[in-house]
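Okay, thanks for coming, everyone.

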Amino acid sequence: MSKYKGKKVLIVGFGRSGVAVAKYMSKQGARVTMTDMKQKNELSESVRACADIKIEYELGKHNNKTFHNADLIVVSPGVPLNIKPLEEAREKNIPITGEIELAVSCIKEPLIVVTGTNGKTTTTALIGEMFKADGKTAFVGGNIGKPLIDYVVEGKSASVVIAELSSFQLDTTEKLIPAVAVFTNIEPDHLDRYQDMVNYIASKKKLLGLCDKNSFVVLNQDDPTVAGFSVETPGKVMWFTKRDPEQGFIGGYYRQDARKMVLHITAQEEAYNLTGFKLFGEHNKENLMAAACAARVMGVGPKAIQAVIDTFGGVPHRLEFVRKKDGVYFFNDSKGTNVMSVKRSLEAFRSNPIILIAGGKDKGCEFTPLVDLVRQKCKMVILVGEAKEKINRAIGDYAETYLVGTFEEGILLAYQKSRSGDIILLSPGCASYDMFRNYEERGDYFKKIVNQL
């Protein structure tokens with residue numbers, strides 16, 4: 001019998017994760033209540049997804065009494081953990097958890113977990129493709145694709161589970177023990193939710209604390225914060241770097257002169273040819289090295305890794321080429337939701353003049369780190385959304401800049417002002433929630449408008 005049978009389970013947040021938990025808890029025989037500050041008409045897609053299961057809804061507001069009477073509260077990643085109803089529930093010692101914690105308590109397969117500020121989606125996808133190319137079954141989920149609990153609900157069977165986890169997801173995770181933990185980088189992000197960088201870093205380091213002596217810990221040697229994690233883990237450390245490795249180095253490094261990636265994991269060094277690697281930007285070499293280290297240490301063969309290097313086309317909404325029209329190149333980087341992500345995207349293009357479309361919901365980050373790149377690479381900046389005035393104050397003096405009222409207006413203005421050879425780059429540097437449900441919807445809308453030009 002399920003330990004949740006007959007229990008009053010309150011799910012806070014009715015997005016993709018909330019829907020997945022509702023289905024899981026319904027299958028376990030729990031009495032499920034769903035609460036969200038959004039109205040029912042704003043959540044129609046989620047309501048439809050749960051049409052075949054029994055749920056009580058409290059939408060448009062939170063009812064404190066429901067929180068107080070719950071046997072278990074499951075918080076979706078997008079919900080801040082310091083809202084008053086949750087604080088009151090904590091005072092009453094009501095258990096509060098997240099979808100990832102529910103999932104990993106049921107998953108027996110080895111877990112590869114990828115976190116970091118930028119690059120984690122591409123890294124996670126690369127690892128999944130490497131297992132697939134090697135003829136091994138892998139479930140890829142978490143913050144990318146399907147919620148992890150879907151693996152349990154659908155009764156999947158894979159040789160490995162690969163999970164991208166955000167800081168929000170790690171905040172409610174206590175018992176996960178990764179076979180491999182990958183840290184891509186740590187840079188300013190989500191400072192609208194965390195008090196400061198110290199708190200944000202502590203959230204990411206939660207994964208470090210979940211590792212044991214059998215865990216492989218893959219760290220970015222070129223990132224000072226991540227490199228410092230090496231002395232704080234009982235796990236077996238592996239590095240990836242774009243610099244020449246030191247003696248005794250275990251991991252992956254990039255030989256720029258020969259366009260080769262070298263893995264030093266087994267007794268024999270393995271060289272991989274990167275001439276067929278299709279992803280733009282030096283940052284994607286880092287993602288590739290991190291992925292290759294994780295896959296190789298879990299038994300994926302060199303031929304499979306080379307095959308993925310030669311064929312992987314990237315993930316949607318991450319420097320995704322949309323089309324070329326009248327000599328103008330359009331790129332969708334809607335997943336570029338923080339300042340350093342925009343910086344990497346601008347650095348990926350060498351010489352073509354860039355028209356940058358940026359803006360959205362501010363996450364509390366400073367945009368001044370973009371000044372030099374905007375001055376060097378952008379012929380124009382078009383700003384939209386809640387943060388447009390703040391971004392304009394930071395970078396508006398360093399390129400011809402326009403503030404527009406709607407997202408579509410920004411795209412049409414960019415096209416109107418473009419000339420052959422220009423790149424129109426959507427890389428918002430902000431969250432999407434002021435105008436869209438998520439970055440995917442924003443990116444899809446960009447592609448729709450661009451393909452209609």
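Let's start with His 317, which counts as buried because its relative accessibility is 5%. Buried here means under 20% relative accessible area, exposed means over 50%, and partly exposed is in between, with a 1.4 Å probe and protein chains only. His 317 sits in the loop between helix 12 (302-311) and strand 15. Its phi is near 75°, a positive value in a residue other than glycine.

Before I go on, a word on what we're looking at: this is a predicted model, where local features need pLDDT of at least 70, side-chain atom pairs count only at pLDDT 80 or more, and totals for chains, interfaces and linings use all residues. Residues are numbered from 1 along each chain as its sequence is written, and side-chain values use heavy atoms, with hydrogens and water left out. When I say helix or strand, I mean DSSP runs numbered from the N terminus: H or I of at least four residues for helices, E of at least two for strands.

Now, the other histidine. His 190 has a positive phi too, about 55°, although it is not a glycine. You'll find His 190 in the loop between strand 9 (180-183) and helix 9 (197-210). Buried or exposed? His 190 counts as buried, because its relative accessibility is 17%.

On to the sheets. Two strands pair if DSSP finds at least two bridges between them. Strand 1 (residues 8-12) and strand 2 (residues 31-36) run parallel and are joined by 5 bridges. Contact, by the way, means heavy atoms within 4.5 Å.

Strand 17 (residues 354-358) pairs with strand 18 in the parallel sense over 5 bridges, and the bridge partner of Ile 355 in strand 18 is Met 380.

While we're in strand 18 (residues 378-383), have a look at Val 381, which is part of it. Val 381 counts as buried because its relative accessibility is 0%. What does Val 381 touch, leaving out residues up to four places away in sequence? Its contacts are Leu 356, Val 374, Ile 395, Ala 399, Glu 400, Thr 401 and Tyr 402.

On a 1 Å grid over the protein atoms alone, a cavity is a set of points where a 1.4 Å probe fits but cannot get out, while a pocket is an open set with protein on both sides within 12 Å along at least five of seven lines; lining residues have an atom within 4 Å of a point. Grid points are joined across faces, edges and corners, and a volume is the space filled by probe spheres set on the points.

The second largest pocket holds about 460 Å³. Its lining has 23 residues, with Phe 280, Gly 281, Glu 282, Glu 347 and Ala 348 nearest the centre. Helix 13 gives the most to that lining, with 4 residues.

As for cavities, there are 3 of 30 Å³ or more. The largest has a volume of about 60 Å³, and among the residues lining it are Ser 17, Phe 168 and Arg 193. The second largest cavity comes to about 50 Å³. Helix 11 supplies the largest share of the lining of the second largest cavity, 3 residues, and His 283 is one of the residues that line this cavity.
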